[in-house]
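Good morning, and thank you for coming.

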Amino acid sequence: AAVIVFGKKESHYRAFALTNGILWGAVAIIGWILPDFLGLMAFNRVDTILHTIVASTGLIAGLKKT
């Protein structure tokens, strides 16, 4: 739903990328600090690396000057 709302105008791409980067960054930080957080599979090593990559690309895309 967020993609539909944010994706309608080109000016919203930056906000969407930053929001995505921040949210996945929080998940990545939790994964690095607490690798077995509540026993959830989303916080295993491979997923934490994936979350870090997704967060990094979102932040880079959102902060990039056009």
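Which residues does His51 touch, not counting those up to four places away in sequence? They are Trp24, Val27, Ala28 and Ala42, where contact means heavy atoms within 4.5 Å.

A word on the source: this is a predicted model, in which local features need pLDDT of at least 70, side-chain atom pairs count only at pLDDT 80 or more, and totals for chains, interfaces and linings use all residues. Residues are numbered from 1 along each chain as its sequence is written, and side-chain values use heavy atoms, with hydrogens and water left out.

His51 is placed in helix H3; helices are DSSP runs (H or I, at least four residues), numbered from the N terminus. His51 has a relative accessible area of 9% and is therefore buried, since buried means under 20%, exposed over 50%, and partly exposed in between, with a 1.4 Å probe and protein chains only.

Let us turn to Phe43, in the loop between H2 and H3. Phe43 also counts as buried, at 9% relative accessibility. Leaving aside neighbours within four places in sequence, its contacts include Val27, Ile30, Leu34 and Thr48.

Is Ile33 buried or exposed? Ile33, in helix H2, has a relative accessible area of 61% and is thus exposed. The C-alpha atoms of Phe43 and Ile33 are separated by 9.8 Å, and the two residues are 10 apart along the chain.

Technical notes:
Helices (H or I, at least four residues) and strands (E, at least two) are DSSP runs, numbered from the N terminus.
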